[in-house]
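Student: I would like to go through this protein and ask what the terms rest on.
Tutor: Then have the picture in view, and we will set each value against its definition.

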Amino acid sequence: MSDLDSITIASLPVLGETAHQSYPSATLYVVATPIGNVADISLRALHVLSLVNAVACEDTRNTATLMNRFGLHKPLIAAHQHNEREAAETLIARLQAGERIALVSDAGTPAVSDPGARIVDAVRAAGLRVLPLPGASAAVTALSASGLVNDQFYFVGFLPAKAKQRENFLGTLRAVTATLVFYEAPHRILDCAAALAAAFEPTRQVVFARELTKMFEEIHRCPLSEAEAWIKADAHREKGEFVVLLEGAAPADDENEVEVDRLLQILLAELPVKQAAGLAAQISGRKKNALYDRALVLKDSA
């Protein structure tokens, strides 16, 4: 972009529109911040951050750095997962006094796999206004570049840290037809890939979106059977924050599904769940694990 282009953009009328919009007092502004590239901040977010009386944030050091990038200086209030209840009380008192408060997380949209939900809930319960300012979201950013064609997605967030809990939880997702969206930390990405490979069909497509919008951004798609090998092929692939997207289950044929349910119900009347699922798998050719999960549902609803 030339210097002339930059000057032209800076003088666009739309930049002045933010100052003429309504910004009510006694309001909590939930402000999405960049997930990596600082230029992804919205015009309205910048204006609100310059207008509010204080900013409630996940980490005051990170938010101070971000604010300094934009030449903004506001009082910062720590509001993280360990003090949300106390922070909410402080914020409510200030809002009731007529202040405007911004709520941000370290990156992305607050209250989405980040602190903030309890604060928003408490502020709303107090009868005060909450006004969201949309912006960056790692999950939606990854979905848009995944090429996984599906009108639905199921946001899971972070998986359980313990192996057995992770295995059990993934078992409940086998039949979900929506694209599955996970967040994962770098030190657990190999464990995540191994757990997915053990729980789902090897032919399912998986997408690893690493360091989104940052200098070393990488988005890789492959069959689940190749996932662990891809990560191990380069030590850099175990660094950075990840969004992992997994292709959903193939939609079941409704008529066949009714027939399988009928078979399971007959067998469950005479046999324990494990034996009923095993016998149904032999008769129908379906996977035993999926039938076991379905049999549990049918038994609980009986």
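Tutor: Two strands pair if DSSP finds at least two bridges between them. Helices (H or I, at least four residues) and strands (E, at least two) are DSSP runs, numbered from the N terminus. The model is predicted: local features need pLDDT of at least 70, side-chain atom pairs count only at pLDDT 80 or more, and totals for chains, interfaces and linings use all residues. Residues are numbered from 1 along each chain as its sequence is written, and side-chain values use heavy atoms, with hydrogens and water left out.

Student: What makes strand E2 and E3 a pair?
Tutor: E2 (residues 54-57) and E3 share 3 bridges in the parallel sense. Pairing asks for at least two bridges, so E2 and E3 count as paired. Within this pair, valine 55 stands opposite leucine 76 in E3.

Student: In what order do the strands of the open sheet run?
Tutor: The 5 strands have the order E3-E2-E4-E1-E5, with parallel pairing. The edge strands are E3 (76-78) and E5 (129-133), since each pairs on one side only. From one strand to the next, the twist averages 25°; angles run from 0 to 180 degrees between N-to-C directions, with axes as lines fitted to C-alpha atoms, for helices over the stretch in contact.

Student: What does helix H3 touch?
Tutor: H3 (residues 43-51) packs on the sheet and touches E1 (27-31), E2, E4 (100-104) and E5. Contact means heavy atoms within 4.5 Å. The direction of H3 makes about 135° with that of E5.

Student: Why is serine 137 called buried?
Tutor: Buried means under 20% relative accessible area, exposed over 50%, partly exposed in between (1.4 Å probe, protein chains only). Serine 137 has 16%, so the residue counts as buried. Serine 137 lies in the loop between E5 and helix H7 (138-146). Leaving out residues up to four places away in sequence, serine 137 touches Ile35, Thr109 and Tyr183.

Student: How do you know that strand E8 is mostly covered?
Tutor: In E8 (residues 205-210), 6 of its 6 residues are buried. Gln205, Val207 and Ala209 are on one side, and Val206, Phe208 and Arg210 on the other.

Student: With which strands does E8 pair in the antiparallel sense?
Tutor: E8 pairs with E9 (residues 218-223) over 6 bridges and with E10 (residues 242-246) over 5 bridges. Alanine 209 has isoleucine 219 as its bridge partner in E9 and valine 243 in E10.
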